[in-house]
Amino acid sequence: MTRLGDLERAVMDVLWDAVPAASDGVTVREVADALDGRELAYTTVMTVLDRLAGKGMVQREREGRAWRYRPAATREAHIAQLMLDALDLGGSRDAALVRFARSVTGTEADVLRSALAAEAGLADAGPARSAGAGASGRIEEPRAGGPALDEATDR
């Protein structure tokens with residue numbers, strides 16, 4: 001996934017903030033108007049939206065002579081893909097993931113544990129005993145092998 005430039009990110013923020021999933025989207029004029037404080041020509045915003053459509057970041061549909069634009073994916077899905085792409089940059093995805101896991105706050109670690117527990121069908125286990133977490137609150141070594149992860153608060 002390609003990273004977004006500053007203007008592309010600003011346009012995507014407008015789309016993510018302004019367009020509900022069930023919406024038909026917004027026009028170039030509506031995006032340009034939402035980019036308050038930026039003195040951008042209509043054609044500049046149109047070009048950015050066209051490029052974002054080419055990158056697969058936005059979907060567009062013809063409405064008369066104009067296009068209506070909406071995000072192709074949620075902001076969260078985009079950020080998750082960026083994180084996955086970043087993990088793939090290094091030689092060892094596992095090592096990068098371990099380093100990331102050790103850098104999160106205790107609250108963030110609880111969110112990750114809850115998400116993993118829900119994914120594993122263990123939502124009732126609670127944050128300290130969720131998937132992969134042992135009695136000590138540490139994320140234990142998987143049965144298939146690999147490094148054990150310390151809880152973020154045990155850095």
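Start at the contact between helices H4 and H5: on the H4 side there are Met 83, Leu 84 and Leu 87, and they meet Arg 93, Ala 96, Leu 97 and Phe 100 of H5. Sorted by class, this contact has six nonpolar residues, one charged and no polar. Before I go further, please keep in mind that this is a predicted model.

How are these two helices set against each other? H4 covers residues 75-87 and H5 covers residues 93-103; their axes are 9 Å apart, at an angle of about 125 degrees. That angle makes H4 oblique to H5.

Arg 93 turns up again in a salt bridge with Asp 88, at 3.2 Å from N to O. Arg 93 is partly exposed, at 37% relative accessible area, and Asp 88 is partly exposed as well, at 45%.

Now the other helix pair. H1 and H3 pack with their axes 10 Å apart and an angle of about 85 degrees, so they are roughly perpendicular to each other. H1 brings Leu 7, Glu 8, Val 11, Met 12 and Leu 15 to this contact, and H3 brings Thr 44, Val 48, Leu 49 and Leu 52. By class that is seven nonpolar, one polar and one charged.

Several of those names come back in the core. The largest nonpolar core has 20 residues, and those with the most contacts inside it include Val 11, Met 12, Leu 15 and Val 31. Helices H1 (6-18), H2 (28-34) and H3 (42-54) each give two or more residues to this core. H1 provides the largest share, six residues. As a general point, nonpolar side chains in soluble globular proteins tend to be buried together. Take Val 11: leaving aside residues up to four places away in sequence, Val 11 touches Val 31, Leu 35, Val 48, Leu 49 and Leu 52.

Last, the charged pairs. How many salt bridges are there? The count comes to nine. One of them joins the side chains of Asp 50 and Arg 60, at 2.7 Å from N to O. Asp 50 is in helix H3 and Arg 60 is in strand E1 (residues 58-63), so this pair ties together parts ten residues apart in sequence.

In another, Arg 68 pairs with Glu 63, with the closest N and O atoms 3.4 Å apart. Is Arg 68 buried or exposed? Arg 68 is buried, at 16% relative accessible area, while Glu 63 is partly exposed, at 44%.

There is also a network of salt bridges, which links Arg 9, Asp 13, Asp 17 and Arg 75.

That is what I have; questions, please.

Key. Residues numbered from 1 in each chain as written. Predicted model: local features only at pLDDT ≥ 70, side-chain atom pairs only at ≥ 80, totals over all residues. Heavy atoms only, no water. Core = buried A, V, L, I, M, F, W, Y, C linked by side-chain atoms within 4.5 Å. Buried < 20%, exposed > 50% of the residue type's maximum accessible area, 1.4 Å probe, protein only. Helix = DSSP H or I, 4+ residues; strand = E, 2+ residues; numbered from the N terminus. Contact = heavy atoms within 4.5 Å. Axes fitted to C-alpha atoms, helices over the stretch in contact; angles between N-to-C directions. Parallel < 35°, antiparallel > 145°, perpendicular 65-115°, else oblique. Nonpolar A, V, L, I, M, F, W, Y, C, P; charged D, E, K, R; others polar. Salt bridge = Lys/Arg side-chain N within 4 Å of Asp/Glu carboxyl O.
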